[in-house]
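Student: Could you take me through this structure, setting each label against the definition behind it?

Tutor: Gladly; let us look at the entry together.

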Amino acid sequence: GGGAASGPNLAAVTQEVDGGNITVGSTAYVVILFRNNGSSPVELGAVNLYPSSTVSAAVSLNQCSREPLPAGADCAITVAISGLQIGSYRLEMLVDHSGRTRLATASVRGSVEAGGDQQSGQSELEAFPELVDFGSVSSGVEQVRSVTFRNKTSEPISISDIFIESSPKTGFRHR
């Protein structure tokens with residue numbers, strides 16, 4: 001036969017997506033479309049994001065992972081991009097899949113701008129992870145978890161104290 005690519009073959013519909021302008025402290029949602037250019041269904045695996053230091057990013061909706069994508073069909077992955085500091089940004093997206101190339105890529109470019117007034121009700125620090133899970137804990141067994149804080153502004157921040165709160169009924173002690 002003289003068909004196109006045999007088997008599944010996933011690729012971004014637009015390789016370079018314009019993410020537009022984001023204000024420091026705000027979040028924009030950017031949709032990246034992918035297409036199965038092959039001749040049979042493709043299954044998607046992990047979606048890895050590599051943002052520049054001026055933004056943070058997370059997959060907010062992955063329509064592509066619901067079921068195998070039929071030949072010729074499109075699907076969308078929505079990425080939440082949050083502005084951390086003023087400057088241009090770039091986000092690289094790598095998507096594992098069962099197709100012949102095994103990896104599909106897309107890039108999002110844009111700019112982070114000053115917000116004018118100070119954002120009300122928004123923290124200047126971002127915690128990774130936001131929620132710490134200790135799983136099953138046995139009495140007397142010490143467990144340690146790390147939390148990383150990132151300054152979401154373009155100005156230096158001084159941290160003088162950190163407090164951890166838990167109900168007395170949990171049995172947790174803080175050091």
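Tutor: The secondary structure of the protein comes to zero helices and ten strands, where helices (H or I, at least four residues) and strands (E, at least two) are DSSP runs numbered from the N terminus. This is a predicted model, in which local features need pLDDT of at least 70 and side-chain atom pairs count only at pLDDT 80 or more, while totals for chains, interfaces and linings use all residues. Residues are numbered from 1 along each chain as its sequence is written, and side-chain values use heavy atoms, with hydrogens and water left out.

Student: What is the average pLDDT of the protein, and where does pLDDT stay under 50?

Tutor: On the scale of pLDDT, the predictor's confidence in each residue from 0 to 100, the protein averages 82, and 78% of the residues score at least 70. Over residues 117-121 the score stays under 50, and for that stretch the model has three contacts beyond four places in sequence, a contact being heavy atoms within 4.5 Å.

Student: Why are S7 and S8 called paired strands?

Tutor: Two strands pair if DSSP finds at least two bridges between them; ten bridges join strand S7 (residues 87-97) to strand S8 (residues 103-113), so the two count as paired.

Student: In what order do the strands of the open sheet lie, and which are its edge strands?

Tutor: Four strands form that open sheet in the order S2-S8-S7-S4, with mixed pairing. Its edge strands are S2 (16-23) and S4 (44-51), because each pairs on one side only.

Student: Which strands does S3 pair with?

Tutor: Strand S1 (residues 10-12) pairs with S3 in the antiparallel sense over three bridges, Leu10 having Asn36 as its bridge partner in S3. Nine bridges join S3 to strand S6 (residues 74-83), again antiparallel, and Val30 stands opposite Val79 in S6.

Student: Why does His97 count as buried?

Tutor: His97, which lies in strand S7, has a relative accessibility of 6%; the limit is under 20%, and therefore His97 is buried. Leaving out residues up to four places away in sequence, His97 touches several residues, including Leu10, Val42, Leu44 and Leu103.

Student: What makes the approach of His97 to Gly99 close enough for a polar contact?

Tutor: A polar contact is a pair of N or O atoms within 3.5 Å; within protein, one must be able to donate a hydrogen and the other to accept it, and residues adjacent in sequence count only if both atoms are side-chain atoms. The backbone nitrogen of Gly99 lies 2.9 Å from a polar atom of the His97 side chain, so the distance is within the limit.

Student: Why is Asn62 called buried?

Tutor: Asn62, found in strand S5 (residues 55-62), has a relative accessible area of 18% and is therefore buried. Its side chain has a polar atom 3.0 Å from the backbone nitrogen of Cys64.

Key:
Buried < 20%, exposed > 50% of the residue type's maximum accessible area, 1.4 Å probe, protein only.
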